[in-house]
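These are my notebook entries on a structure that is new to me. I record each item as I looked it up.

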Amino acid sequence: MTVAQTPVALCQPIDGRHRKMFVDGAWVDASSGRTLETRNPATGAVIATVPRGDRQDVELAVAAARRAFDGPWSRFKPYERQVLLLRIADLFEKHWEEISRSDTTDMGMPIVRTRANRNRIIGMLRYYAGMATSLHGETIENSLPGEIVSFTRKEPVGVVGAIIPWNAPTAASIWKIAPALATGCTVVLKPSEEAPLTPLLIADIMNEAGVPPGVVNIVTGTGAEAGAALAEHMGVDKIVFTGSTATGQSIVLASAGNLKRVSLELGGKSPVIVCADANLDKAVPVAAMSVFANSGQICIAGSRLFVERSIHDEFVARLAAYAEGLRVGDGIDPATEIGPLVSEKQLQRVASYLQAGTAEGATLVTGGTRLVEGALAAGNFVAPTVFAGVSDDMKIAREEIFGPVISALPFDTLDEAVERANDTPYGLAAGVFTRNVATAHQLSRKIRAGSVWVNTYHAIDPAVPFGGYKMSGYGREGGAEHLDEYLNTKGVFIKID
């Protein structure tokens with residue numbers, strides 16, 4: 001492992017200036033006048049303050065979204081919504097470097113990764129633009145007496161409350177806003193208080209593109225205040241949430257007031273199964289970065305690494321060597337491969353799991369420490385970590401860590417690997433490494449997870465549905481199924497005399 005040094009010329013100005021939130025087409029402060037600080041996790045410096053919105057601000061935003069939904073926005077034709085989304089995509093291309101630097105500075109994701117997300121994010125916008133003109137119902141033959149025509153209509157569900165986490169602000173924002181615009185819904189988005197700046201930048205881009213007032217609203221604030229108020233608001237027709245399973249459960253309870261529609265993409269403890277016939281030269285870096293990418297702050301992180309016993313020791317040794325060669329540093333440096341954790345709070349959470357792993361008898365192969373040397377001293381840096389000698393009942397093998405920590409576990413048979421991989425309350429994603437096509441099909445069928453990647457990882461495409469099984473949530477993002485999450489289906493019967 002090496003430490004990347006940050007070139008001064010690449011650093012964004014850190015001026016601590018105040019950014020307002022976006023409601024009804026205007027930049028506004030919180031009704032209470034309160035603010036929140038947001039810090040660069042690589043340096044600890046305050047880079048901005050934002051409004052600390054609460055129930056009153058959510059009320060104003062939902063009212064604006066309802067007026068827009070019932071008013072001018074309802075008269076936009078599918079073609080007009082498509083043109084608007086394509087204009088937004090063009091502006092994302094124009095502003096991509098600014099968006100990338102915003103994500104990196106606010107939550108720490110390395111700039112090489114935020115820049116690399118360009119095709120995915122802009123592709124999402126253009127995919128949903130294409131889908132905007134392909135929404136349709138069906139003509140259905142019925143068995144009623146007489147001449148009665150029956151058909152279905154697809155109609156926008158209404159006002160959508162979107163609550164997103166801090167680990168991928170741009171992707172999470174667009175995965176919520178774009179399908180809403182494509183289907184004719186309006187949005188109130190509540191970003192995480194840990195990383196609110198890019199969603200506000202996105203609001204600026206939406207405004208520049210000509211999105212009508214009230215169609216997209218961004219309310220900054222805490223989850224306990226603004227997020228909870230949005231989840232339970234009687235004027236919200238649907239909640240879409242990405243985040244922890246515990247918060248998702250709270251949102252389900254809060255939604256009961258008006259039985260609003262809910263989509264949830266929650267936590268994970270994803271298994272990666274490496275078979276003895278795998279190409280190890282390819283499997284090692286992919287398995288490593290299934291966890292270490294974004295410092296492990298990814299819901300789909302492949303943090304339970306099941307390795308066939310005959311290759312287990314070799315694979316773990318190669319994995320540790322790979323981890324030790326990764327450059328850790330400020331994400332704004334293009335040489336950085338592993339950035340900081342988002343906050344001191346997250347750092348302490350990850351540190352508690354590192355201590356638990358050792359206390360429960362796992363073998364620390366590499367990493368396991370906070371990095372405080374030189375330029376890293378003021379940031380929230382943890383060395384990429386590999387544990388071996390892990391048993392299935394250890395905390396590090398059962399609970400979502402959300403940090404750069406891999407638990408390696410040997411297995412002897414495929415049936416055993418499947419049983420242990422599925423022995424978790426989660427079911428978001430999984431990985432398989434094998435050169436045997438039959439094994440690939442067998443494991444991808446038997447693993448209970450919403451996405452299974454074979455000889456790759458993190459493959460996400462706008463046209464392919466993504467979501468979880470079990471306590472990893474319900475509903476899908478991506479694909480035609482995603483649009484259905486934002487639509488109601490109405491049955492119509494017309495009697496012909």
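**Entry 1: Salt bridges**

I began with Asp 415, which counts as exposed at 52% relative accessibility, the cut-off for that class being over 50%. I note at the outset that the model is predicted.

I then asked which side chain meets Asp 415 in a salt bridge. The partner is Lys 446, with 3.7 Å from N to O. This pair links distant parts of the chain, since Lys 446 lies in helix α15 (residues 437-446) and Asp 415 in helix α14, 31 residues apart. Lys 446 is partly exposed, its relative accessible area being 28%.

Next I looked up Asp 423, which forms a salt bridge with Arg 398. The closest N and O atoms are 3.7 Å apart. Here too distant parts of the chain are linked: Asp 423 is in the loop between α14 (414-422) and β19 (429-433), while Arg 398 is in helix α13, and 25 residues separate them. Asp 423 is partly exposed at 43% relative accessibility, and Arg 398 is partly exposed at 29%.

I also checked a pair inside helix α14. Arg 420 forms a salt bridge with Glu 416, and their closest N and O atoms are 2.7 Å apart. Both residues lie in α14, 4 residues apart, about one turn of the helix. An α-helix has 3.6 residues a turn, so residues three or four places apart point the same way.

My search of the whole structure gave 27 salt bridges.

**Entry 2: Helix α12**

I turned to helix α12 (residues 344-359), which has 16 residues. From its first C-alpha to its last it reaches 22 Å, close to the 22 Å expected at 1.5 Å a residue. Its buried residues include Leu 347, Val 350, Tyr 353 and Leu 354. I asked which elements the buried residues of α12 pack against. They pack against β17 (385-388), α13 (395-398) and β18 (405-411). Just after the helix, Gly 361 takes a positive phi of about 105°.

I noted two residues here. Asp 24 has a phi near 55°, a positive value in a residue other than glycine. Asp 24 sits in the loop between β2 (21-23) and β3 (26-28), and is partly exposed at 33% relative accessibility. Leu 259 is not a glycine either, yet has a positive phi of about 50°. Leu 259 is found in the loop between α9 (245-254) and β12 (261-265), and counts as exposed at 72% relative accessibility.

**Entry 3: A sheet and a surface patch**

I followed an open sheet of 3 strands in the order β6-β7-β22, with antiparallel pairing. β6 (139-140) and β22 stand at the edges with a single partner strand each, so one side of each has no neighbour in the sheet. β6 is joined to strand β7 (residues 148-156) by 2 bridges, and Thr 139 has Phe 151 as its bridge partner in β7.

Finally I looked up a nonpolar surface patch of about 230 Å², made by Val 149, Ile 494 and Ile 496. Ile 496 is placed in the segment after β22 (487-495) and is partly exposed, with a relative accessible area of 44%.

How values were computed
Residues are numbered from 1 along each chain as its sequence is written. This is a predicted model: local features need pLDDT of at least 70, side-chain atom pairs count only at pLDDT 80 or more; totals for chains, interfaces and linings use all residues. Side-chain values use heavy atoms; hydrogens and water are left out. Patches are made of residues with over 30% relative accessible area and no salt bridge: like charges are joined within 9 Å, nonpolar side chains (Val, Leu, Ile, Met, Phe, Trp, Tyr) within 5 Å. Accessible areas come from the Shrake-Rupley method with a 1.4 Å probe; for residues, only the protein chains shown count as cover. A salt bridge is a side-chain nitrogen of Lys or Arg within 4 Å of a carboxyl oxygen of Asp or Glu. Buried means under 20% relative accessible area, exposed over 50%, partly exposed in between (1.4 Å probe, protein chains only). Two strands pair if DSSP finds at least two bridges between them. The expected span of a helix is 1.5 Å times one less than its number of residues. Contact means heavy atoms within 4.5 Å.
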